[in-house]
Amino acid sequence: MTRDVHEQARQRIALGGVDGLPEAQRTWLQTHLHECESCRDYAQGTDRVIRLMRSVPIAASPGLVRTTQKRVRERTRQLREERERLRLVGMSCFLVGLSTAITTPLLWRGFEWVGHWAEVSSPVWQTGFAIFWIAPALAASLLLLGRGVHIAGKDSRLQR
Amino acid sequence: MSPSALDVVAQHEHAERISAALTSIPPEYRETVVLRFQEGLALEEIATVTGAPLGTVKSRLYRGLNLLMPLLKGAQG
């Protein structure tokens, strides 16, 4: 048995215990614990430490409380900002979709009229329409890609 | 039946010992262990609260427990 196997077993014990694991991992761990005395001792030790931790209410140190509260506030702010950003992006997408649905037939007719007026063949003005229609989105995408702009903010998890 | 004075003292010493063990481990491990076993938070919740990636939370919990185990050896659960 390699060291990795014991390490893996111990990590699983520490993170979830036997009961907190999915079926396949639980079976594997139970089999391993049946065979390995040192990991069995480790499981008992972990269980004891966890029971000790839960047996008495321990007042967290003021430093820990302060740090945790600070992190919670920071994380809440980040989540609020992410939500706000995504709401704005969603609203923009909806408005762009709506405006595209309304303006595309009008633009098509406009290009058709100009095509007839300039006496150019249909494929020419249709190509012009396609380029005109797709060019702004393409330019905006290239610009945003070039600047490295993402939906999420600098510290956001969406960028990880 | 109310606990005897000896029981109260023993309970107090017990809590002191656990507190001392917790104080002696690095703060980031202590924070993870306390949030997991005292506050009962799930690993994902700890990651959210602390702002650390889930893998880091797992590793802190594992190492924190490994550090606490010898310190609390012999303590009665």
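This is a predicted model: local features need pLDDT of at least 70, side-chain atom pairs count only at pLDDT 80 or more; totals for chains, interfaces and linings use all residues.
Helices (H or I, at least four residues) and strands (E, at least two) are taken as DSSP runs and numbered from the N terminus.

View 1. The secondary structure of chain B consists of 4 helices and 0 strands. Read from the N terminus, its elements follow the order α-α-α-α. Chain B has 77 residues, of which 34% count as buried. Among contacts in chain B with a separation of 6 or more, 57% are made by residues 24 or more positions apart.

**View 2. Helix α3 of chain A, residues 37–55.** This helix comprises 19 residues, and the distance from its first C-alpha to its last is 27 Å. That span is close to the 27 Å expected at 1.5 Å a residue. Buried positions in α3(A) are C39(A), Y42(A), A43(A), T46(A), V49(A), L52(A) and M53(A).

**View 3. Crossing of α3(A) with helix α4 of chain B, residues 54–71.** The two helix axes come within 10 Å and cross at roughly 85 degrees. Because angles of 65 to 115 degrees count as roughly perpendicular, α3(A) is roughly perpendicular to α4(B).

**View 4. Residues at the contact of α3(A) with α4(B).**

Conventions:
Residues are numbered from 1 along each chain as its sequence is written. Chains are lettered from A and ligands numbered from 1 in the order in which they are written. The expected span of a helix is 1.5 Å times one less than its number of residues. A residue is buried if 20 or more other C-beta atoms lie within 10 Å of its own, exposed if 12 or fewer, and partly exposed in between; C-beta atoms are placed from the backbone. Axes are lines fitted to C-alpha atoms, for helices over the stretch in contact, and angles run from 0 to 180 degrees between N-to-C directions. Angles under 35 degrees count as roughly parallel, over 145 as roughly antiparallel, 65 to 115 as roughly perpendicular and the rest as oblique. Two residues are in contact if their C-beta atoms, placed from the backbone, lie within 7 Å.
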